[in-house]
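This report covers backbone geometry, helices and aromatic contacts. Have the sequence and the coordinates at hand while reading.

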Amino acid sequence: MATTAQSSRQNAWRRIWHTPTSKAALYWLIFAAIYTAIFYVLYAMLFKAPIFTGPWFDHVFRVGVMSYLLILATAAYSLRTRFVRGLPWKTQNWVWMHLWIGIAAVLLALLHADYRFVLHGYCADLSCVTGHYWGMPALYGLMFIVVSGAAGRLLDIWQARLIARDASANGVGIAKAIPGRLLELEYIIERLNAGKSEPFKHYCIQATSSVGKLPMPIPTIEPREQADFEQAYAALEEHARLAASFKKQNRARSIFRVWRRVHLALVPLMLLIVTYHAVLELIVNVLHLAKP
């Protein structure tokens with residue numbers, strides 16, 4: 001009975017640090033898959049042409065425009081997280097929309113380009129870089145944005161699980177709660193350290209700065225100080241363990257923070273190139289407001 005109760009408490013503790021997967025992940029995956037499949041099926045069925053090679057499809061269905069609309073929808077995630085926090089849905093739902101719609105945008109952009117620069121029509125000289133209104137940098141830029149975002153999502157999941165597993169095992173919780181417990185332990189060690197011999201004090205001072213493992217060897221302690229040293233040693237062990245946990249969780253957070261900064265620094269540049277290409281394609285080839 002006691003074992004069952006203890007197991008139930010442990011499971012409940014683990015569930016505190018578990019974030020359930022949002023159903024929006026499946027819904028947005030289905031939407032993106034159907035949206036993309038419609039254009040690929042139309043391309044293959046209506047024109048009966050070898051897929052990825054015909055020039056007619058994009059002239060009729062403007063799949064490039066459809067891809068850019070998805071790019072704008074993907075960029076709405078930044079609007080939700082930075083400027084308009086009152087938009088509906090929780091942030092996790094927007095993240096999944098950001099990911100799956102971004103992948104669909106790449107697939108449609110590849111169809112728009114007939115998979116040029118990827119499966120055929122590789123760049124032979126520098127003229128192809130600026131050709132088609134910076135078409136090649138726009139395509140590669142969009143692919144970079146999506147691949148970077150997908151990598152960031154996987155990194156986020158990995159680091160979040162690492163933090164949750166560590167928070168469930170350290171007995172205190174996430175990094176925000178650890179410094180308070182470390183300070184309590186330091187007060188306990190300082191109280192036990194008061195009025196003791198020099199080896200006792202020296203070891204406590206040295207061990208307080210340890211992370212993970214306590215320094216060895218343990219000094220010879222006078223018999224009258226043995227009881228206090230045992231209490232201090234237990235507090236020092238917990239202090240070292242929590243210090244290692246704090247460092248581990250902060251390292252996981254810093255890794256994701258570095259990726260986020262790099263992603264946010266490069267994405268606006270790539271998005272600017274994609275927008276330049278999309279606007280000129282729209283003006284010249286769709287609306288015919290200007291000559292090529």
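## The loop between helix 8 and helix 9

P217 sits in the loop that joins helix 8 to helix 9. Helices here are DSSP runs of H or I with at least four residues, strands are E runs of at least two, and both are numbered from the N terminus. The peptide bond from M216 to P217 is cis, with omega near 0°.

## Basis of the model

This is a predicted model, in which local features need pLDDT of at least 70 and side-chain atom pairs count only at pLDDT 80 or more, while totals for chains, interfaces and linings use all residues. Residues are numbered from 1 along each chain as its sequence is written, and side-chain values use heavy atoms, with hydrogens and water left out.

## Positive phi

F117 has phi near 70°, a positive value in a residue other than glycine. F117 belongs to the loop between helix 5 (91-112) and helix 6 (127-169). With a relative accessible area of 9%, F117 is buried. Buried means under 20% relative accessible area, exposed over 50%, and partly exposed in between, using a 1.4 Å probe and protein chains only.

W134 also has a positive phi, near 60°, and is not a glycine. W134 lies in helix 6. Its relative accessible area is 34%, so W134 is partly exposed.

Helix 7 (residues 178-193) has 16 residues. From first C-alpha to last it reaches 22 Å, close to the 22 Å expected at 1.5 Å a residue. The expected span is 1.5 Å times one less than the number of residues.

Which residues of helix 7 are buried? They are I178, L182, L185, I189, L192 and N193. These residues cover an arc of only 95° around the axis, which puts them on the same side of helix 7. The arc is that of the directions from the helix axis to the C-beta atoms. An α-helix has 3.6 residues a turn, so residues three or four places apart point the same way. The buried residues of helix 7 pack against helix 8 and helix 9, where contact means heavy atoms within 4.5 Å. Y187, E190 and R191 are exposed on the other side of helix 7.

Helix 9 has 61 residues, which should span 90 Å at 1.5 Å a residue. Its end C-alpha atoms are 86 Å apart, which agrees.

A kink of about 25° lies at V267 in helix 9, shortly before the proline P268. The bend at a residue is the angle between axes fitted to the seven residues ending there and the seven starting there.

## Aromatic contacts

The whole structure holds nine aromatic pairs. Y203 and Y233 form a stacked pair, because their ring centres are 6.4 Å apart and their planes are at 15°. Rings of Phe, Tyr and Trp (its six-membered ring) pair if their centres lie within 6.5 Å; planes under 30 degrees apart count as stacked, over 60 as edge-to-face and the rest as tilted. Y203 lies in helix 8 (residues 198-208) and Y233 in helix 9 (residues 226-286), so the pair ties together parts 30 residues apart in sequence. Y203 is buried, with a relative accessible area of 2%. Elsewhere, ring pairs link W28, F31, Y35 and F39 into a cluster.

Charges also sit over rings. R153 lies over the face of W96, at 4.6 Å from the ring centre. K196 lies over the face of F200, at 5.8 Å from the ring centre. The criterion is NZ of Lys or CZ of Arg within 6 Å of the ring centre and within 35 degrees of the ring normal.
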